[in-house]
Amino acid sequence: MSQGNMNLTLKVWKQKNKNEKGRFETFDAKGISPDMSFLEMFDVVNERLISSGKEPIAFDHDCREGICGMCSMYINGRPHGPKQGVTTCQLHMRSFKDGDTIVVEPWRSAAFPVIKDLAVNRSSFDRIIASGGFVSVNTGNAKDANNILIPKHDADDAFNAAACIGCGACVAACKNSSAMLFVSAKVSQLALLPQGQFEKKERVLNMVKQMDEEGFGNCTNTGACEAECPKSISLENIARMNREYLKASFS
Amino acid sequence: MASSSKLNAKIPEGTLEQKWTKYRSNVHLVNPANKRSLEIIVVGSGLAGSSAAASLAEMGYKVKVFCFQDSPRRAHSIAAQGGINAAKNYQNDGDSVYRLFYDTIKGGDYRAREANVHRLAEISGSIIDQCGAQGVPFAREYGGTLSNRSFGGTQVQRTFYAAGQTGQQLLLGAYSALQRQIGMGAVKLFARHEMMEVVKIDGKARGIIARDLITGKLERHFGHAVLLCTGGYGNVFYLSTNAMGCNVTAAWKAHKNGAFFGNPCYTQIHPTCIPVSGDHQSKLTLMSESLRNDGRIWTSKIQNDARKPNDIPDEERDYFLERRYPAFGNLVPRDVASRAAKERCDAGFGSGASKMAVYLDFAANTERYGKIETTKHNLHNPSKEEIIRLGKAVIKEKYGNLFDMYKQITGEDPYEVPMRIYPAVHYTMGGLWVDYNLMTTVPGLFALGEANFSDHGANRLGASALMQGLADGYFVIPYTIGDYLSEEIRTKTISTDNEAFLIAEAKVQDHIHKLMNIKGSKPVDHFHKRLGKIMWEKCGMARNKEGLNWAISEITSLRKEFWSDVCVPGEANEFNPELEKASRVADFLELGELMCIDALDRKESCGGHFREEYQTEEGEALRDDKNYAYVAAWEYKNESDFKLHKEELNYENIKIAQRSYK
């Protein structure tokens, strides 16, 4: 294991499963290199725990290049840690100082129950997409792609909304655990494109209904979600969704 | 050479252009009422799995989808950056189905099946149409039409893209189609489930044993057919561009149950990745091939040059790809580019602390774009700073997220200094052997996407993985599965209390019990890293007989050590990521040996497989078409005992030739 010169103290949320109560435990992270990613630092800590006969800290991760949305740590009071526009897997230890104490918790939301330690269940997001986050087009029905012309500006806006990785940082950042940024990103992407027009009314009504049923809280336009979003999804999407919702409700 | 009697590729009769059309008109169908009582298991939810599951459910089949991630949207297809190929010829630059077919066969170094590749090229356009209709936000021109760019190994612009996030947008398209079917009750989703075993009854695949990763409980699931869409096995190298969870387990269990493994040694080493920075490294990050559209690759002409890249004047730089391959330049295929970079670094021209890196430089094209912008905006006598500023804005629009990612990982700003890159394991062309129907040698067991061996020969061209994954899922399996299921309409749902299910479950239980009770001294990663090092050094970018023999004996003893000294903490009946890893690494420790055996058997160089003993005077791969124009399909007999079956490759439409990009 490569050695670095950073010595850190971790205060990590440990919880055996969703039914048992959790608590903070303290771990030493010695000899950490500033070039390590935050998750590689956890790898080092876990490897040492296992080698000394202790149980490692459970956490979610997969692609480690900031796109799959699986990693989900709440670091020093901020989802994905102190840097803007990055996920935990892309956060590097050079963003911390030798001697720091770092507090790491899971996403906190009634709609994201803890599975173990830092891993949570985000299947509520999948159910919201299943309620309307699609264009109803079966395979084989499509006409030539260039028959649908889309102004570049609209295509770019739709792309920016579609950049959401579904990590749930917006929910974790929100004092009400609102999922408005996530839901509005999908509603916006499809509302901006001609392909999404036929179902736009049902889509926004169904997705908002499902969001409420999952136990996410209300939006109070604080903007913490936008500030903490690793993909910088804009609050404008929430405004757009509110307009779509009002239009759909009154027509 | 004749093909083994155990391998029937079932390639339809007729001319190349007519095979697929005729096949679709003649293939047996399953009527809608019967579809409703046929159950299909799909393992894996990437491009191939999600598109197959959604399409089959739309047709009326009952589908179950399994993925080990917490959501189907997280499958590693999401990380594909650059784009997806399609022979649309929107750019009016001479593209055609034939040309995409030809480029793919040639790019694969004449080791792929003609009929499969032609079908892929024929389907390519429909994929773009389907994704467009789903609302996938592809890049567009100001006139509203779709935009294209170039990728390696081709001379036309046929790559469709969504900035550097093409895989993400295509997967989210397939995922929303899948979620729509889940919402309608046509698909049942099992997230955080890992397939642990295939269940066979009377020689046919009839289901799987899956482990619920949250509770650790084993589950028995029946299906009239099982589709493995479980991706590649690049993580056998430990360090790769794959996600941490990517694994060979499903494919390997299938292999041990009778599915032959095709061309396991064909591995793609991608030329443009961020170099390794230390022993702590857990994965490597790709910098998309699309960057080679505008980035020039070079080293200093002086060995061990300690100067900073911006201090090395142009005449002292060796643009080695442009020098060696003037016709394709920086856009040669991946295997060629990787070997050329390795050759320069091995010869002492590399840069960075380890000297194992070459430069990827955007300065020249930043200036070129800046000048175009000044003309567009009618700016007269612009300053150099103004030109560079405008040029950087163009580069940012094309590759912004990649540049940000590079800066985040390395701490260096690629807008100011050239990127440093080095090849890394990226994709595996090998995989489960399948026939034209995508069925393995086990009836009822299919393999789609990267999990099969079929379309890329010995080297995959950039932007073709997304094409193949979606082709298999949206447009191939919906037809070809009918050929099998039309014979199964009389098979009633089999109870999962059937003896075959109980035996398979007990086997998995025993496997887990063994892993939990070794209680050794070393974590799983310790063994995985050691395996990766053996594979990278001896079965990586360059291979030779001596090294491969050494690797085989090392892997065998490492496997023994693993089974006596691995430490898996925690319990089996709970969320236990270390147990998941241990089970996957156990399979990698067997696969690694087969890869070396295959590499040893293939006494030629082709595509990603470079045997040092077989090269031209100029250091290019030297194929042996007389003796090795075959697919190596390996049958599992016993531990360390594999039997080779050969499928002869016949080229009736392409003149097989030494590959040249000069």
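# A guided tour of chains A and B

Begin by selecting D60(A) and R192(B): their side chains form a salt bridge, with N and O 2.7 Å apart. The term denotes a side-chain nitrogen of Lys or Arg within 4 Å of a carboxyl oxygen of Asp or Glu. The model is predicted, so local features need pLDDT of at least 70 and side-chain atom pairs count only at pLDDT 80 or more, whereas totals for chains, interfaces and linings use all residues. Residues are numbered from 1 along each chain as its sequence is written, chains are lettered from A and ligands numbered from 1 in the order in which they are written, and side-chain values use heavy atoms, with hydrogens and water left out.

**The interface of the two chains**

Next, display both chains together. Between chain A and chain B the count is eight salt bridges. The interface also has 41 residue pairs in polar contact, both residues being at pLDDT 80 or more. A polar contact is a pair of N or O atoms within 3.5 Å; within protein, one must be able to donate a hydrogen and the other to accept it, and residues adjacent in sequence count only if both atoms are side-chain atoms. On the side of chain A that touches chain B, the elements giving two or more residues include α1 (38-51), α3 (152-162) and α5 (180-191) of chain A. Helices (H or I, at least four residues) and strands (E, at least two) are DSSP runs, numbered from the N terminus.

In total, 72 residues of chain A are in contact (heavy atoms within 4.5 Å) with 76 residues of chain B. Together the chains bury about 6100 Å², of which 53% is on carbon and sulfur atoms. Select E65(A), T139(A) and K152(A): they supply 11% of the area that chain A buries against chain B, more than any other three residues. Buried area is the accessible area (1.4 Å probe) that two parts lose on being put together, summed over both.

**The two domains of chain A**

Now colour chain A by domain: domain 1 covers 6-116 and domain 2 covers 122-250. These bounds come from an automatic or database domain assignment. The C-alpha centres of the two domains of chain A lie 29 Å apart. To their contact, domain 1 of chain A gives 22 residues and domain 2 of chain A gives 20 residues. Between them, the two domains of chain A bury about 1500 Å², 54% of it on carbon and sulfur atoms. P79(A), A111(A) and F112(A) supply 33% of the area that domain 1 of chain A buries against domain 2 of chain A, more than any other three residues.

Two salt bridges are found across this domain interface. Separately, select E228(A) and R78(A), a salt bridge whose closest N and O atoms are 2.9 Å apart.

**Strands of chain A**

Select β1 (6-14) and β5 (101-105) of chain A, which pair in the parallel sense over four bridges. Two strands pair if DSSP finds at least two bridges between them. L10(A) stands opposite I102(A) in β5(A). Strand β3 (74-75) of chain A pairs with β5(A) in the antiparallel sense over two bridges, and there I75(A) has V104(A) as its bridge partner.

**The sheet of chain B**

Finally, move to chain B, where an open sheet of five strands has the order β11-β15-β14-β12-β13, with antiparallel pairing. Its edge strands, β11 (267-273) and β13 (317-318) of chain B, each pair on one side only. Three bridges join β12 (296-300) to β14 (358-361) of chain B.
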